[in-house]
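Subject: Handing over the structure

Dear colleague,

Here is the structure that I promised to pass on to you. Please open it beside this message and read the two together.

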Amino acid sequence: MSASGHEIKAAYRRLARMCHPDVVAMNQKEMSATEFMKIHAAYSTLSDPNKRANYDRDLFRRTAMASMSRCSGGYKYNSKGNWETDQCW
């Protein structure tokens, strides 16, 4: 989430050089093409400021939901009308 545009571009170029179908062995071309397409899709998302903002929001939302689901008891509503956590920390 905190990577700069320069860091993203450098990582993309490094990975693209390693996974491009033109530079891998013949028996790895199909797998390499799939990986290269994933890398390119990620770069397309992260290099566009609007798409990256949406991706970062979704990532934050997913990590927040995952951390809530790891909570042992979750949230409970007692009969007095108060929200309680069941030792969620």
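Below is what was found in it, beginning with the whole chain and ending with a few residues.

This is a predicted model, in which local features need pLDDT of at least 70 and side-chain atom pairs count only at pLDDT 80 or more, while totals for chains, interfaces and linings use all residues. Residues are numbered from 1 along each chain as its sequence is written, and side-chain values use heavy atoms, with hydrogens and water left out.

The chain holds three helices and two strands, which are DSSP runs numbered from the N terminus (helices being H or I with at least four residues, strands E with at least two). Along the sequence they follow the pattern α-α-α-β-β. Of the 89 residues in the chain, 17% are buried, where buried means under 20% relative accessible area, exposed means over 50%, and partly exposed lies in between, with a 1.4 Å probe and protein chains only.

Met 1 sits in the segment before helix H1 (5-19), and it counts as exposed because its relative accessibility is 61%. Leaving aside residues up to four places away in sequence, Met 1 touches Arg 52, Asp 56, Leu 59 and Phe 60, a contact being heavy atoms within 4.5 Å. Although Met 1 and Phe 60 are 59 residues apart in sequence, their C-alpha atoms are 9.1 Å apart in space.

Arg 13, by comparison, is found in helix H1, and it counts as partly exposed because its relative accessibility is 46%.
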